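Let me put the structure up, and then we'll walk through a few pieces of it.

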Amino acid sequence: MSDLNTQAVARYKNNFLREVEERVEEGNMVKMCMQCGVCAGSCPFGPHWQHSPQKIFMMIRAGKREEVLSSDSMWMCTSCYNCIVRCPRKLPITHIMHGLANYAHRLNLAAKGQPTRDVARLFWNNLMKTGRINELTFSLGLYFKDGFIQGIKNSLAMQAAGLGLLKAKRLNPMEIFGGHKCKEKSGIHRMIAKAREIEDRRRGLA
Amino acid sequence: MAKKQYAFYPGCSSQKGASASNYITSFGVMCEKLDIQLNEIPDWNCCGASIGYGEGGELPRMVLNARNLAIAEKDLPGQDIVSGCPACWLGLREAVDRLHEHDRLKTETNEALKEVNLTYKGGSKARHMTEVLIEDIGYAGIKAPVVKPLDGLKVAGYVGCQANRPYGIAGESFENPLYLDKMIEAVGAEAVPYEQKAACCGGALAFSEPEKAQAQIRQIVEAAYDNAADLIVTPCPLCQANVEIYQAEINKKHGTKLNMPVLYYSQLITVAYGGSVKEAGLNGQVIRAAKLDKIAGG
Amino acid sequence: MADNKFAAYICSGCGIGDAFKMAALEKVATKEGKMSMVKSHPFLCNAEGVQMIRDDIANEAVTHICIAACSRRAKTEAFNFPTVAMSRANLREGVLWVVAAGAEHDEVRQEMAEDYIRMGCAEIKKMNLPKGNANRDQTRNKSILVVGGGMTGMTAALAAAEAGYEIVLVEKTDALGGFAARLWKRVPFSGPYAAPQATGVAEMAASIGANARIKVHLNTTVAETGGAPGRFKIKLATESGSVSELTVGAIVQASGFTPYDIGKLPELGGGQANVVDQAGLEALAKAANGGAIKRADGKDIKSVVFVQCAGQRDETGTHLPYCSGHCCATSIKQAMYFKDANPEVDTVVMYDDLRVPGMGEDFYRSAQQKGVIFTKGKASKVTGGDSCKVEFADLILDEQTSIDADLVVLATGQVANAGVNLDAWTEVNTLAEGGDEGAKQKRTEMKTISILNLDYRQGPDVPQFKHGFADSHFICFPYETRRTGIYAAGPMRRPMDMLQATEDATGAAMKAIQAVENAAAGRAAHPRAGDLSYPIARLEGCTQCKRCTVECPFGAIDEDEKRFPVFNEERCRRCGTCMGACPVRVISFENYSCDTVGMQVKAVNVPDEDEEKPRILILACENDAYPALDMAGVQRLTYSAYVRAIPVRCLGSVNTIWITDALNQGFDGVMMMGCKKGDDYQCHFVKGSEMAYYRMSKIGDTLTQLGLEPERVVTEEVAITDNARVAKLINDYAAQINDIGLSPMKGFG
């Protein structure tokens with residue numbers, strides 16, 4: 001268990017709902033769920049969730065902390081916002097799922113090797129390098145995230161798509177040398193570091 | 001007539017040589033004919049997209065977007081901020097809304113913005129390019145410059161997710177948005193019935209959960225075939241890329257013969273306005289839209 | 001009869017004149033209908049047409065008129081001639097709009113119209129202008145007795161008193177307030193519906209005390225109720241045994257409910273320490289007086305679980321099978337008692353379906369905001385004691401689990417205080433009347449829970465429907481009991497919360513006011529409100545069979561010592577079920593009788609067999625089926641031109657003589673259309689359609705004896721919205737008759 005997690009357990013004891021309310025994006029709305037299940041029926045990846053948002057909310061109220069935070073359910077969110085627009089109680093379900101995933105990731109309780117978790121991390125780190133996403137290095141990073149050999153295999157598997165984009169001039173091999181970037185790159189780094197510092201302090205993760 | 005001025009936020013995928021570069025190419029003729037002037041926000045940064053949630057928390061994502069909003073506020077005062085990418089638009093709009101509603105979040109955001117010597121005052125208006133076309137130009141206005149009506153072209157209007165939810169176009173339904181169909185018909189093409197119009201392509205999970213996303217994409221493409229569409233049109237770069245690029249992959253795995261062109265509404269409009277294959281970015285298609293290429297004269 | 005003068009008026013407007021041969025219609029009215037005056041008019045319902053009729057009544061001494069125009073349900077304001085008897089021949093909705101267009105249908109269309117003229121003329125010949133209840137001088141008492149001094153009774157008393165009526169309010173305990181007085185607070189009844197509100201009981205009791213029109217009797221019960229609307233004779237008994245008598249015009253029964261006995265729920269901890277019902281929690285809250293609620297043993301409460309549907313919605317047949325409606329909101333309210341005093345108290349509401357009608361959804365959300373946890377689960381076992389444990393199935397997470405609590409509250413349901421169950425009573429009473437001593441004793445015991453102690457032939461209380469609640473037509477006449485002039489309000493009528501009970505109370509008060517006014521004017525109450533006709537029995541022909549007294553859905557008929565029926569006109573609703581029941585046909589109304597319908601049946605011109613034109617008689621209930629037929633016309637749905645429809649007050653009023661007459665005369669089929677019967681009946685007279693079905697079930701043998709197929713008489717349930725269905729029913733039946741073939745009885749009648 002990470003230090004952050006140990007501290008969280010000590011702080012909130014059995015009150016996982018309160019932990020979620022204080023530390024998870026839009027977590028204060030979890031208590032408003034009325035258990036209708038519309039979210040579960042509206043999710044394009046619904047059949048692939050271990051626990052639907054409806055169940056996740058119930059599990060939070062029932063104090064099932066480990067099960068929720070180690071679940072790969074919220075990593076199945078495609079950010080389609082279908083649940084949000086259909087929820088009769090107007091819960092920002094997409095954001096709560098994002099918030100739970102982010103919190104699980106921060107406490108390092110999220111499943112290791114969870115592919116969406118890895119992609120999300122790669123994406124963020126990629127954009128943080130220059131202030132903008134570099135699609136070439138992001139894709140290459142993806143293919144090689146599980147090691148060199150697997151990376152070659154992945155690249156070969158996706159060769160058709162990549163070549164297509166290359167031919168259509170929608171993937172620029174020159175981007176490997178840096179490509180588009182923000183001029184104020186270092187300022188952005190400082191700005192984000194500051195934001196994270198403020199947020200961690202507020203959430204008790206500092 | 002004075003040009004309509006907008007602060008423009010292209011977003012990462014619409015840069016030169018990036019996956020939606022053909023999208024941005026097709027803005028040229030369209031904006032010229034409609035007297036729209038897009039003024040790029042200087043030194044803009046990535047919006048963080050949705051997938052940014054995993055590593056970036058709420059505040060870092062707010063701050064990323066607030067930087068773009070603050071620059072626009074400072075350098076392009078009074079101009080609505082426009083993006084062609086629904087994810088970029090959504091990132092900006094969520095930031096505008098949340099920073100408006102939550103004082104604490106705004107204070108914290110501005111504290112972080114101090115690192116780049118910016119302050120976000122608030123009150124910006126973040127819009128998607130289709131909103132500008134529909135609300136500021138109007139369907140009749142979109143139709144007016146048409147010189148080559150796209151008669152006989154059958155188009156499946158694929159709105160996708162984030163161009164429709166949670167904000168969408170004012171007055172449209174989340175379950176059956178009609179604006180894209182109306183735009184298609186404004187340029188003389190036929191909008192076919194399309195039950196997958198608001199379905200999800202898998203978004204960023206096309207990378208992490210390829211099987212699941214490709215199952216979605218397959219349905220989206222097959223529904224277009226079922227309704228005898230010649231091509232799919234979308235307002236979203238991620239939808240466009242996912243639905244176009246993975247068809248070959250799906251064919252390889254499942255023995256299907258999917259080969260459905262997927263374009264942007266702006267490419268249709270450009271061709272209808274008399275734009276060339278190059279001006280419409282049609283040469284940027286991985287799956288070429290033969291019928292539209294022909295109309296454009298290439 | 002010498003003074004009667006009959007006139008027919010035929011309208012040619014709305015296309016009638018184009019579709020029919022008017023001269024032929026006039027001839028039918030004159031020659032066959034034997035009208036002494038027949039006039040046509042191109043627009044009968046306009047001022048000029050109406051004036052023409054008025055002039056004839058004034059100047060030509062016309063006493064009976066037949067209007068052949070639109071349905072009797074249309075243009076009722078124009079065709080309102082209160083000084084003459086009137087029949088209506090339905091040429092527009094009944095013929096013009098429902099017979100298929102085209103010249104090939106001209107002949108049958110004309111035949112149908114001519115038959116309706118014949119029927120309208122035949123009917124008016126047998127009708128008389130009703131004069132109203134002859135005994136109305138004795139029914140002029142307009143005061144209202146309210147039985148029960150709880151929230152419902154107090155509200156009804158105040159509402160009726162404000163409207164200017166004298167009220168007698170009877171309460172069996174020593175104070176007003178009823179169950180509401182036992183509550184700490186009530187579920188909110190006004191915006192923003194976010195927090196419990198004061199009950200207001202003390203203020204209401206004070207305003208009742210200050211109201212000169214309301215006379216309150218505490219520690220008092222109703223020892224006997226006799227009479228009828230406008231002249232109810234009441235005996236009030238006080239605890240000390242003294243009895244006083246008074247007369248009232250109408251009664252509102254607001255006798256409330258009793259919480260289901262928690263002792264019957266041992267598996268849910270009933271009877272164990274620190275397991276209480278909702279009433280028990282109110283008592284603890286009252287004791288806390290706004291501070292932190294403590295247990296009976298004085299200990300602090302850190303966690304409380306509310307178990308919903310305790311002994312309710314039970315499918316095993318052991319406990320209450322129904323939902324009491326208020327308990328979810330009540331538990332939400334009680335959870336707020338805890339949260340408002342101390343947000344740190346854990347409150348869990350364990351529900352299966354959370355049901356919060358009205359503005360309860362806002363209240364529910366407010367509780368969620370306050371941190372009340374809602375768990376969808378079904379409790380299987382509750383252990384009481386110092387630390388209670390609730391074992392339950394989590395219905396969302398699909399697991400068997402448990403939760404500990406310092407206190408468990410069981411949301412038990414409402415049991416109606418509606419008095420004696422008349423079905424059980426009738427059985428015992430029959431034995432008792434036969435001399436059975438045990439039954440006599442049982443009867444006396446049963447009567448101890450009676451609320452009204454009616455001296456009616458049909459038993460001491462209002463009839464009950466399901467589960468012990470008072471019977472009423474739940475859609476159209478929710479407050480009407482099956483005893484005219486007695487109105488049910490509050491949870492003795494159906495399970496409900498306090499807000500619904502107060503709405504009920506005002507509704508019942510309004511109906512009671514209507515009842516006293518109608519009784520004083522000699523008119524019927526709902527649903528034939530204002531009807532001046534009433535049943536008249538030719539007792540010299542009566543065989544004392546008691547069918548009328550037994551079958552009257554409203555207990556309007558008593559028996560004298562010789563077992564002759566005694567009609568209480570003010571209790572009667574004019575449905576005619578007695579008329580339909582009478583085997584010797586001695587009961588009739590001035591404007592509705594065996595003859596008014598029978599002569600219509602006989603007036604129909606039944607073609608000979610070789611013409612191959614069947615005739616089907618429809619007897620349609622005027623409340624739902626006849627309007628549905630009219631609406632089919634309004635929507636221009638077509639149906640067979642071989643049918644002839646006669647509206648009846650209720651299928652209960654259908655006398656089998658009409659059926660046999662029709663078949664004897666050569667009708668090929670008879671369709672009876674009435675309201676839904678059974679557990680979710682829609683019959684406006686409660687039992688009428690059921691009686692009709694029962695009677696018709698016995699007619700099959702008769703048909704067989706006559707050599708007729710049983711399918712020649714059918715009964716259908718028709719709702720007022722069944723416009724399309726009613727047309728299809730007719731056409732399907734016409735096809736069926738076509739398959740069976742024409743009646744062999746033709747030419748014998």
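Predicted model: local features only at pLDDT ≥ 70, side-chain atom pairs only at ≥ 80, totals over all residues.

C:Phe232 belongs to strand 9 of chain C, residues 232-238. Strand 9 and strand 10 of chain C run antiparallel, with 6 bridges joining them. Both sit in an open sheet of 3 strands in chain C, ordered 8-9-10, and the pairing is antiparallel. Strand 8 (220-226) and strand 10 (243-248) of chain C are the edge strands: each has a single partner, so one side of each has no neighbour in the sheet. Going from one strand to the next, the twist averages 30 degrees.

Now the domains. Chain C is split into five stretches: domain 1 is 1-129, domain 2 is 139-256 + 462-521, domain 3 is 260-413, domain 4 is 530-587, and domain 5 is 606-749. I'd like to look at domains 2 and 3 of chain C. Their centres, taken over C-alpha atoms, are 31 Å apart. At the contact between them, domain 2 of chain C puts in 16 residues and domain 3 of chain C puts in 20.

Last bit, between chains. Where chain A meets chain C, 9 residues come from chain A and 7 from chain C. The chain A side of that contact has 4 nonpolar, 2 polar and 3 charged residues.

That's my tour, happy to take questions.

Conventions:
Residues numbered from 1 in each chain as written. Chains lettered and ligands numbered in written order. Pairing = 2+ DSSP bridges. Helix = DSSP H or I, 4+ residues; strand = E, 2+ residues; numbered from the N terminus. Axes fitted to C-alpha atoms, helices over the stretch in contact; angles between N-to-C directions. Contact = placed C-beta atoms within 7 Å. Nonpolar A, V, L, I, M, F, W, Y, C, P; charged D, E, K, R; others polar. Domains from an automatic or database assignment.
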